[in-house]
Amino acid sequence: DEILYRNDEFVFVKDIQDELLDDAKQECIKQINEQKESAFKAGFYFNDVHFDCDDRAQTRLSAQLAIAQPETTIIWLDYDYQPVNFSYEEFVQMCAVATQVVSNIEFETATLLEQVEKAKTLEELNLVSIDFAKCLSL
């Protein structure tokens with residue numbers, strides 16, 4: 001039997017399997033959340049221009065969309081704070097892309113967390129593949 005030194009004592013690994021799995025799950029959840037936040041910070045591209053999609057950007061987009069008027073030019077800042085001119089229709093399209101990217105990230109997070117929860121062994125937990133890159137491209 002495999003022995004492990006843990007919490008100032010020697011224990012048989014088989015006796016603490018549940019604790020080890022719980023600890024590993026917590027670490028995996030932490031990694032998922034960190035990578036989710038990194039995905040939000042990575043932003044998205046619309047018409048080859050890089051834009052933010054973190055919480056603050058989502059709030060700003062929603063507010064601007066609510067007050068935007070058809071047949072007006074909307075000036076928006078890209079990821080690097082450079083102004084970009086949009087027609088109303090283009091801005092609505094850009095907001096739709098932002099919404100889809102955010103939704104993709106949130107649904108991927110939910111899927112990953114479900115996989116972690118369902119894992120019954122460390123081997124199953126190690127099969128959880130955290131990759132948000134696919135969420136950022138449409």
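These are my notebook entries on a predicted model of one chain.

**Ground rules.** Numbering starts from 1 along each chain as its sequence is written, and side-chain values use heavy atoms, with hydrogens and water left out. Since the model is predicted, local features need pLDDT of at least 70 and side-chain atom pairs count only at pLDDT 80 or more, while totals for chains, interfaces and linings use all residues.

**Overall layout.** I started with the secondary structure and found four helices and six strands. My elements are DSSP runs numbered from the N terminus: helices are H or I with at least four residues, strands are E with at least two. Read from the N terminus, the order is β-β-α-β-β-α-β-β-α-α. I then looked at the spread: the radius of gyration is 21 Å, well over the 14 Å that the globule rule gives for 138 residues, so the chain is more spread out than a compact globule. That radius is taken over C-alpha atoms, and the rule is 2.2 Å times the number of residues to the power 0.38. Along the principal axes, the C-alpha atoms fill a box of roughly 75 × 25 × 25 Å.

**Burial and contacts.** I count 32% of the 138 residues as buried. For me buried is under 20% relative accessible area, exposed is over 50%, and partly exposed is in between (1.4 Å probe, protein chains only). Taking contacts between residues at least 6 apart in sequence, 54% join residues at least 24 apart; a contact here is heavy atoms within 4.5 Å.

**The core.** Which residues have the most contacts inside the largest nonpolar core? I noted Phe-44, Phe-51, Phe-86, Phe-91, Met-94 and Phe-132, in a core of 31 residues. Two or more residues each come from helix H1 (17-42), strand S3 (44-46), S5, S6 and H3, and H3 gives the most, with ten. Such a core is a set of buried Ala, Val, Leu, Ile, Met, Phe, Trp, Tyr and Cys residues joined through side-chain atoms within 4.5 Å. I also checked Phe-91: leaving out residues up to four places away in sequence, Phe-91 touches Leu-61, Gln-64, Leu-65, Ile-74, Trp-76 and Phe-86.

Thr-109 sits in helix H3 (residues 88-118) and is buried, with a relative accessible area of 5%. Beyond residues up to four places away in sequence, Thr-109 touches Ile-32, Lys-36 and Phe-132. With neighbours within four places left aside, Gln-115 is in contact with Val-128 and Ser-129. Its C-alpha atom is 11 Å from that of Ile-130, 15 residues apart along the chain.

**Positive phi.** Which way does phi point for Glu-71, positive or negative? I read a positive phi of about 65 degrees, although Glu-71 is not a glycine. Glu-71 is in the loop between helix H2 (55-67) and strand S5 (73-77) and is exposed, with a relative accessible area of 80%. Tyr-81 also has a positive phi, near 65 degrees. Tyr-81 lies in the loop between S5 and strand S6 (83-87) and is exposed at 62% relative accessible area.
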